[in-house]
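User: I would like to go through some local features of this structure by question and answer. Please give the cut-offs as the terms come up.

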Protein chains: 4
Amino acid sequence: MTQSRTVELEGHLIDSGTMQRCFGAVMDLGGSFDVERFDVGKHETEESYCRLAVSADDPETLRAILHELHQNGAVLEDPSDVELVRAPADKVVPPNFYSTTNHPTEVLYDGEWIDVEGIEMDCALVVEPGPAADAGEGDRADASDAGNDGAARARTKTLSAVEAGDLIATDQSGIRVNPPERPRSGGGAFGFMQGGVSAERPSESTIREVAAELRAVEADGGTVMVVAGPAVIHSGAGDALADLVAAGYVDALSAGNGFATHDLERSIYGTSLGMDVETLEHPRKGHKHHIWTISEIIRAGGIEAAVEDGVVTEGVMYECVENGVDTVLAGSIRDDGPLPDTITDAVEAQDAIREQARDADIVLMLATLLHSVAVGNCLPSTTKTVCVDINPATVTQLLDRGSAQAVGMVTDIGTFVPTLAEYVLEGEEGGGAETGGDESAGDGSGGSAEGDA
Amino acid sequence: MTQSRTVELEGHLIDSGTMQRCFGAVMDLGGSFDVERFDVGKHETEESYCRLAVSADDPETLRAILHELHQNGAVLEDPSDVELVRAPADKVVPPNFYSTTNHPTEVLYDGEWIDVEGIEMDCALVVEPGPAADAGEGDRADASDAGNDGAARARTKTLSAVEAGDLIATDQSGIRVNPPERPRSGGGAFGFMQGGVSAERPSESTIREVAAELRAVEADGGTVMVVAGPAVIHSGAGDALADLVAAGYVDALSAGNGFATHDLERSIYGTSLGMDVETLEHPRKGHKHHIWTISEIIRAGGIEAAVEDGVVTEGVMYECVENGVDTVLAGSIRDDGPLPDTITDAVEAQDAIREQARDADIVLMLATLLHSVAVGNCLPSTTKTVCVDINPATVTQLLDRGSAQAVGMVTDIGTFVPTLAEYVLEGEEGGGAETGGDESAGDGSGGSAEGDA
Amino acid sequence: MTQSRTVELEGHLIDSGTMQRCFGAVMDLGGSFDVERFDVGKHETEESYCRLAVSADDPETLRAILHELHQNGAVLEDPSDVELVRAPADKVVPPNFYSTTNHPTEVLYDGEWIDVEGIEMDCALVVEPGPAADAGEGDRADASDAGNDGAARARTKTLSAVEAGDLIATDQSGIRVNPPERPRSGGGAFGFMQGGVSAERPSESTIREVAAELRAVEADGGTVMVVAGPAVIHSGAGDALADLVAAGYVDALSAGNGFATHDLERSIYGTSLGMDVETLEHPRKGHKHHIWTISEIIRAGGIEAAVEDGVVTEGVMYECVENGVDTVLAGSIRDDGPLPDTITDAVEAQDAIREQARDADIVLMLATLLHSVAVGNCLPSTTKTVCVDINPATVTQLLDRGSAQAVGMVTDIGTFVPTLAEYVLEGEEGGGAETGGDESAGDGSGGSAEGDA
Amino acid sequence: MTQSRTVELEGHLIDSGTMQRCFGAVMDLGGSFDVERFDVGKHETEESYCRLAVSADDPETLRAILHELHQNGAVLEDPSDVELVRAPADKVVPPNFYSTTNHPTEVLYDGEWIDVEGIEMDCALVVEPGPAADAGEGDRADASDAGNDGAARARTKTLSAVEAGDLIATDQSGIRVNPPERPRSGGGAFGFMQGGVSAERPSESTIREVAAELRAVEADGGTVMVVAGPAVIHSGAGDALADLVAAGYVDALSAGNGFATHDLERSIYGTSLGMDVETLEHPRKGHKHHIWTISEIIRAGGIEAAVEDGVVTEGVMYECVENGVDTVLAGSIRDDGPLPDTITDAVEAQDAIREQARDADIVLMLATLLHSVAVGNCLPSTTKTVCVDINPATVTQLLDRGSAQAVGMVTDIGTFVPTLAEYVLEGEEGGGAETGGDESAGDGSGGSAEGDA
């Protein structure tokens, strides 16, 4: 028997692709639709409105369709309050619990739409009624701590953070997501849904745009987060990244034991995995420097202690310590050592990464799939993200999970970071990058070289 | 001063993404729009209609915007006849000549919309008035030869085929393109704008769908065209492809000197580039068999002669000769020899490929970038295409030029072709794959077997 | 002042490349050599002997050269006992400690060469004197437990396992490594130093060789270890892997939370990341099945409990539980959940992986970089290893750390595993694969072979 | 019955890997050997000598083994004159003709070893007796023209260049090849058999070495040949390459119709494939500029004419015309147009490329597989070659055919060329790169380390 429901959508529905995805979802899943009303925004600045009746042959199909439409921002006509069920035990959620997207989300609670805090995909959505409604529960101090005098709050929780008794949203009624819309002004590297990754985009120009964005974020007092893999060091780009840290363009560093060790090895022995990255000499197996470096840091009692003791005197980790950069080293099963600073428990490390990610205004992901995915998992779709890797598959995989502002670049990290640092730091000394009008890196010959003195 | 024009669009504008692309183009290029009318198709089977006034600050911007809208199917309100200018010399087109897309296209000539024949991208569009209108030109016999008693015709011509005096379309007024629309029934490998290429799609299931499509095309008397690179032979898939040819599932083969030589080497010496592809033995440099093979075929006077003389007794080329498959070997600058059958002139080879491509109902592109691009250049966007390569960059590059029915698979050609052949040929013998209970792929879960009968 | 030392080498020095590497190391590092004696093996079965005086301008260069020669199997003439220093604290090794290779290694202790147990690269080398020599230390019971009545033992320890007081080898005198030598019979997939990775090797033939090797290992009562990434499930190869487990061809499984979750999702919901891997339908974002699956397993109390409860009824994890396969799920920072079975601490997980790796006779690494590197880190260079990935960079990275018996295949895991299962299981039913002489994949099952006649 | 032959080898047999390959070949092919004499070079500057008796069970195996040994430089004891057979017809060689390697080669003719000219792989080897011996053949003027008064000459001919009556070498007796040996001084980018390609090598340092090499070749009056693909332009590196041409660092350019068209489009329209490479704007399909560019050049009558007419005023092609760079544009089946300057016949284009390749002292292959392979086919193994591509598979494929001096870099051409130009041109202005002032990466040596304090 045909099942039917009516949903509503609002926003820049056409140019953001929302309607295309919604109509497509209905057809792909075997349903049909009836456009009851469609007010198309007359101009690029005017929003559209659509009321759509959707039907399917059975309740299961209808549910699948409504799920898709929901994720694209549709809400049921006359929505009712979110359905909440208490978690029966720690880490255990009720069946049919609502799993979050990474888009800004609201829940209808007590007749009011309230924002979900800490939005992040694949989490449970927990509603915390205000103290008034929830007077008996003395353990829920945080809502009132935050000073929102009695108002209910909603936030995400990973499964492992769920506690017995949490009020968990189930189904999807009373929940509204707001997928990113196409910005009204087009163009630039940070456009909308760059979709696809190409190695044939103009590399130097794109890097210049990223540099401008970094500078803009810092100028606004924003937070730049760098996610870096070991290849940054192997490929000789460590000095350039250290320069960016020293100049204050990195507020948070999220990396792993390998990245830190290779960087520290450079400082202690002048090599990375046993190879002198300046002269290319001794690129040999049996790179005892690597494991010796870890041993030195263990002996010193950690990276900060090693910097204080003068064991480590330069490099990315050194600059992070000296400049008070918020640093998280997350452990992995391929680590040697590990360094004492490495958080070996994955859940604990995720929590540390989550703290960093929520504060970030722009995230640079440099040549690491593992750490980039881990950070990406914690980001809302509204955070600007740049993914750089020489392997197109890595960039594709990251963008697929992606935020609308994500930029993917398939390029060599060993030339990307130095070129980026050049543009960022040049800009600093009088806006050379912006005013010079020189396009190819090499501008070097003359102006910028002098500016470096 | 603000410039403005009004265009119209019709079709499944929303779910095919047409409106999204049009609105996006206007904004990206810095113009603005006014939706004068928008009738949204109420149901999935109903078309939409949109009348859009577009404006920009200067004529050049407006022209760029209109060009984008045109390529998405928009036509000017009250269109006028196509503007034709005679080619001043062979191979020379008038400035501002119209360069074709690969979508079905019509021109408004003498007040009537006529279809453009041989549609293919990046060509000139030539109108041939009927004999009545063009009585003085005795050299234009082909229109009347074709028996269309006096009617005008329009067709594409590559630049190198343009002859002095040809009536070449310029600008874009009076020209209408019809980009592919989303099929009403979704799903399956041959869906709409699969967009993106993933190595994580279920390989065996996708191959089964391609096999079903091949069988369906052959059952309808259609034409299957295979474009094959040397890796097909190196990877040991030559036997499977030869089986498909022998069983009549290949109507046209488009390849190069390298593919043919490797295949012939297998027949004559049992090796491919000096390596025995069965036993893995002797994978050595100094593969004199390769150049000896070419020399043997030259001595015989060509591949067909070599088959007749018994020099070549098996393999893909052998089966192509035996089964009368339309074969084109196009030369390239990396060829050894070449074989006498290889067309060494690129323009001549393109013409031969063009003949094949226009007849094809489905094209399988197997592990060759060069030949796939060459064939793809000649295909209208309506021809079903499957691109298979282990390198995602190759598949992406091919799909980017792509037709809406293009399917990309990132997989190993050495297992793809044997598995495809297995599904195609098993299907032939009564659905072996479905009923056999074999563990790889086909297990089929019942349903599909019934559908195959 | 010129420094000089004399070393000796023995074995198949020329055809294994040992002498080439040694001479090269001396020259690359700026030293010079004097061949004092070189007895070349007269026949392929006769070993060679070389005594080489090496000199350099300064002690540091000489030390670097000797380090390289050491790693290629050279020992100082008249070697002295290994130099041992006690670890000053837990996890802290003495400066200049000896870092192991992954080759079989011996130490000269008390005038006798004793084998190092648990060989693995980048570890400390700990000598445990026998009870006689070590009478006062009651806490060192394990040597005598092992029943080696008083004899000293030597074994590897990762840095994090080092305990205060351990006798740690330093420098490299008194230590001899035995790099793998070229097997006397050449050829086959498991040849010597296949070096390099090519996507153009004959896929089906190579898979057949791997299948034969798997069957041989099982026939000998050996241990087959599978390391699997999530792409095995996404690409539709889960059924084939489950079949191999069910048939007893997998003794140990090393994977991550993602692999297990995707596999369990298939069993519970019939999808992988929300996509039906049979029909290709619903390949959509918002794959709530993934996180629901984790939640179901948490609710059941773990995978084994979920199998017992009938929540999970098929798939790789199901078969592993049913067949008592030794399974390790190692956590990572990109995990959702995680499942209760996942070991979230990296060091703990490494220890579990190490146990598995040491027992393995052959390791299949399927489409996972992280877990493959983690396992590879624990393997001696003598363990046969097959690395399969569609990304050549992954395969190259794994082989670079590699053992001499490592085989790399750049192919689609979605067709590799089904084809492998077919060959392994066919062989079981009467040796079809070996006797049939059929070359292209599946023809195996009779039908199409007849059609070939 | 056992067959046996004795061969001799001379040179740096061990450190160049010659003996390893020879012993390996014998064993792989199932033969056995008896080392009759082996004089090992005592020091790194002393050559070795080996006399080896090789035996096999049948003549065919022995022949295969001897072929391998021959290619590694072995000659039969007591070699006899080369065996010559006349070509029976144009393009037809005798059976069992000798197919050349790309190593320097000599033939024993009339009791004297003479060098083979124009060495290149996969060719026939033609001996031209001197006028004295060949008095009757008035058409063989070139030997005497070259002033070698009567001496015989030997040279390579491709199959398609063979003429009836040519004296073609058959078998391999009387032919000696000289594979490259390991240079006595190791290290640096242009080391010996870099073997393998890694994306993790330090990018900026390697580029600096290539820049130094380019400058050295030009300083010696040598010839720099650049092979460039369209991605050089798309990725925004065109300006930097044009700068190198303008500064005289490019003597020959070998490219295709696509490269030239994209470069010319930039000059005429400021775009590449319709995208403004400075601003990233308008990266759209329907890039009519591309085909319009071709049309403009056709109208002008060719690139040189277009430069003279002021149609083209900048870019790589412009600088090539202005600086008299030897330019070859080779056609391919994927070309649009083509430009009038494009050589459409593959054999003719190969001949033009061959001329360029033979003169080159160093070849830079930039982001093109097709043209790089074509050029590589014509190069002797002694020509220095640098292959740069973002796709490791491309670099691997090129190095596999490779010369011993080949360097592979997996990097982004869009940053490689600008960085290279910067280093090359900076060096010009007083050795800036060496002395400090450069802002990007590697400045390393000294300066920046101090500056960091």
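User: Is D110(B) buried or exposed?

Analyst: The model is predicted: local features need pLDDT of at least 70, side-chain atom pairs count only at pLDDT 80 or more, and totals for chains, interfaces and linings use all residues. Residues are numbered from 1 along each chain as its sequence is written, chains are lettered from A and ligands numbered from 1 in the order in which they are written, and side-chain values use heavy atoms, leaving out hydrogens and water. Buried means under 20% relative accessible area, exposed over 50%, and partly exposed in between, with a 1.4 Å probe and protein chains only. Because its relative accessible area is 63%, D110(B) is exposed.

User: Where does D110(B) lie, and what is its phi?

Analyst: Helices (H or I, at least four residues) and strands (E, at least two) are DSSP runs, numbered from the N terminus. D110(B) sits in the loop between β6 (105-109) and β7 (112-117) of chain B. This residue is not a glycine, yet its phi is positive, near 55°.

User: In chain C, what is the phi of D110(C)?

Analyst: D110(C) is placed in the loop between β6 (105-109) and β7 (112-117) of chain C. D110(C) is exposed, since its relative accessible area is 63%. Although D110(C) is not a glycine, its phi is positive, at about 55°.

User: Why does K157(D) count as buried?

Analyst: K157(D) belongs to strand β9 (residues 153-157) of chain D. K157(D) counts as buried because its relative accessibility is 8%.

User: With which side chain does the side chain of K157(D) make a polar contact?

Analyst: Contact means heavy atoms within 4.5 Å. Not counting residues up to four places away in sequence, K157(D) touches C123(D), A124(D), V126(D), V162(D), E163(D) and D166(D). A polar contact is a pair of N or O atoms within 3.5 Å; within protein, one must be able to donate a hydrogen and the other to accept it, and residues adjacent in sequence count only if both atoms are side-chain atoms. At 3.1 Å, the polar partner is the side chain of E163(D).

User: Which residue does a cis peptide bond join to G337(A)?

Analyst: The bond has an omega of about -5°. The proline concerned is in the loop between β14 (326-330) and α11 (346-359) of chain A. The residue joined to G337(A) is P338(A).

User: What is omega for the cis peptide bond between G337(B) and P338(B)?

Analyst: P338(B) is found in the loop between β14 (326-330) and α11 (346-359) of chain B. For the cis bond joining G337(B) and P338(B), omega is about -5°.
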